[in-house]
Amino acid sequence: MCSSCNSSKNNQFTKSDVDELIRIEESGEQVISWYSQAIWDAIKHTIKNDADAKFASSVMAKCHQNVLNILSIIYKKTGRDFLIMNFRFLSQAQPESILR
């Protein structure tokens, strides 16, 4: 789905989206961010309708917000070096753009 299409539905999953993510995941692709993987694994097969999918979206969005807040706190307290040593993906990005 294109970025503007996803934004227009307020970044919420539908049951169809979940089914498509599961299908893609079963082909070997990673479809969920590392910080949401445990939540996704726990709930993906329990989603039976759009209401369940919307709830799952809100749980995963809250997880995303919490992770960004935690990374921001770590950055403010320890600086960039700690994050780079422990989260290698950040070494390719500018933390200021990630941790706003």
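Here, "buried" means under 20% relative accessible area, "exposed" means over 50%, and "partly exposed" is in between (1.4 Å probe, protein chains only). This is a predicted model, where local features need pLDDT of at least 70 and side-chain atom pairs count only at pLDDT 80 or more, while totals for chains, interfaces and linings use all residues. Residues are numbered from 1 along each chain as its sequence is written, and side-chain values use heavy atoms, with hydrogens and water left out.

**Serine 36**
- Serine 36 comes out as buried because its relative accessibility is 4%.
- You'll find serine 36 in the loop between helix H2 (15–26) and helix H3 (37–43); helices are DSSP runs of H or I, at least four residues, numbered from the N terminus.
- Setting aside neighbours within four places in sequence, serine 36 is in contact (heavy atoms within 4.5 Å) with Met60 and Cys63.

**Aromatic pairs**
- Searching the whole structure turns up 2 aromatic pairs; rings of Phe, Tyr and Trp (its six-membered ring) pair if their centres lie within 6.5 Å, with planes under 30 degrees apart counted as stacked, over 60 as edge-to-face and the rest as tilted.
- Phenylalanine 13 and tryptophan 40 are edge-to-face, because their ring planes sit at 70 degrees, with centres 6.3 Å apart.
- That pair ties together parts 27 residues apart in sequence, because phenylalanine 13 lies in the loop between helix H1 (3–8) and H2, and tryptophan 40 in helix H3.
- Tryptophan 40 has 0% relative accessibility, so it counts as buried.
- Tryptophan 34 and tyrosine 35 also pair edge-to-face, at 5.3 Å centre to centre and 85 degrees between the planes.
- Tryptophan 34 is partly exposed at 44% relative accessibility, and tyrosine 35 is partly exposed at 22%.

Technical notes. Helix = DSSP H or I, 4+ residues; strand = E, 2+ residues; numbered from the N terminus.
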